[in-house]
Amino acid sequence: MLVVDKQRYKMLIYDDKKEVHIQVIGFLRPKAVDEYVTDLTATINKVQKSQFVLVVDATLQSPLPYSVAQNVGETMMVYMTFGLKDVYIVYPKSKISYVQVRNGTTEVGFPGHLVFSTSEIPAIK
């Protein structure tokens with residue numbers, strides 16, 4: 001079920017797979033972050049958190065400006081605060097974005113999972 005459909009991101013709930021999917025397209029400008037977090041919170045509040053995983057599909061994420069890339073690890077850690085069963089981040093296709101996500105999550109000790117494709121996400125039983 002498509003919940004949010006904006007130019008830079010989409011949010012979907014898959015009840016059958018017990019997944020909340022966020023697709024990031026390009027990158028969010030700082031002025032759009034508050035709206036993104038509001039939409040994300042509203043979307044996650046529609047599911048039973050203990051039974052759902054969050055999948056952040058960054059496949060189409062663009063390289064981030066240096067000032068924003070400095071905080072990518074902390075941004076990824078925000079996803080852990082929603083209390084979902086687990087969090088998966090799908091690496092971007094862009095090599096620069098991939099390195100930004102990899103380095104940022106390593107720096108903060110991101111406890112979620114980093115995958116190259118949604119097909120790597122195990123089915124919830």
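**Close-up 1. Thr-43 sits in helix 1.** Welcome to the first view of this predicted model, in which local features need pLDDT of at least 70, side-chain atom pairs count only at pLDDT 80 or more, and totals for chains, interfaces and linings use all residues. Residues are numbered from 1 along each chain as its sequence is written, and side-chain values use heavy atoms, with hydrogens and water left out. Helices (H or I, at least four residues) and strands (E, at least two) are DSSP runs, numbered from the N terminus. Thr-43 has a relative accessible area of 0%, so it counts as buried; buried means under 20% relative accessible area, exposed over 50% and partly exposed in between, with a 1.4 Å probe and protein chains only. Leaving aside neighbours within four places in sequence, Thr-43 is in contact with Val-3, Val-4, Met-11, Ile-13 and Val-20; contact here means heavy atoms within 4.5 Å.

**Close-up 2. Tyr-14 belongs to strand 2, residues 9-14.** With 28% relative accessibility, Tyr-14 is partly exposed. Look around its side for Glu-19, His-21 and Phe-52, which Tyr-14 touches when residues up to four places away in sequence are not counted. Asp-34 is 20 residues from Tyr-14 along the chain, and their C-alpha atoms are separated by 24 Å.

**Close-up 3. Lys-18 lies in the loop between strand 2 and strand 3 (19-26).** Lys-18 also counts as partly exposed, at 28% relative accessibility. Its phi is near 60°, a positive value in a residue other than glycine. For background, most residues other than glycine have a negative phi. From C-alpha to C-alpha, Lys-18 and Val-115 are 18 Å apart in space, and 97 residues apart in sequence.

**Close-up 4. Helix 3 meets helix 4 (residues 95-108) with axes that come within 7 Å and cross at roughly 70°.** Helix 3 is therefore roughly perpendicular to helix 4. Angles under 35 degrees count as roughly parallel, over 145 as roughly antiparallel, 65 to 115 as roughly perpendicular and the rest as oblique. The axes are lines fitted to C-alpha atoms, for helices over the stretch in contact, and angles run from 0 to 180 degrees between N-to-C directions. On the helix 3 side you will find Val-72, Gly-73, Glu-74, Met-76 and Met-77, which meet Gln-100, Val-101, Gly-104, Thr-105 and Val-108 of helix 4. The residues of this contact divide into 5 nonpolar, 4 polar and 1 charged. Ala, Val, Leu, Ile, Met, Phe, Trp, Tyr, Cys and Pro count as nonpolar, Asp, Glu, Lys and Arg as charged, and the others, Gly among them, as polar.

**Close-up 5. Gly-104 is a residue of helix 4.** Gly-104 is buried, with a relative accessible area of 5%. Not counting residues up to four places away in sequence, Gly-104 touches Val-72 and Gly-73. Thr-75 is 29 residues from Gly-104 in sequence, and 8.9 Å from it in space, C-alpha to C-alpha.

**Close-up 6. The largest pocket holds about 470 Å³ of space.** Among the 21 residues that line this pocket, Leu-28, Val-33, Val-68, Thr-75 and Tyr-79 are the closest to its centre. A pocket is an open set of points on a 1 Å grid over the protein atoms alone, where a 1.4 Å probe fits, with protein on both sides within 12 Å along at least five of seven lines; lining residues have an atom within 4 Å of a point. Grid points are joined across faces, edges and corners, and the volume is the space filled by probe spheres set on the points. Helix 3 gives the most to the lining, with 5 residues. The lining residues divide into 16 nonpolar, 4 polar and 1 charged.
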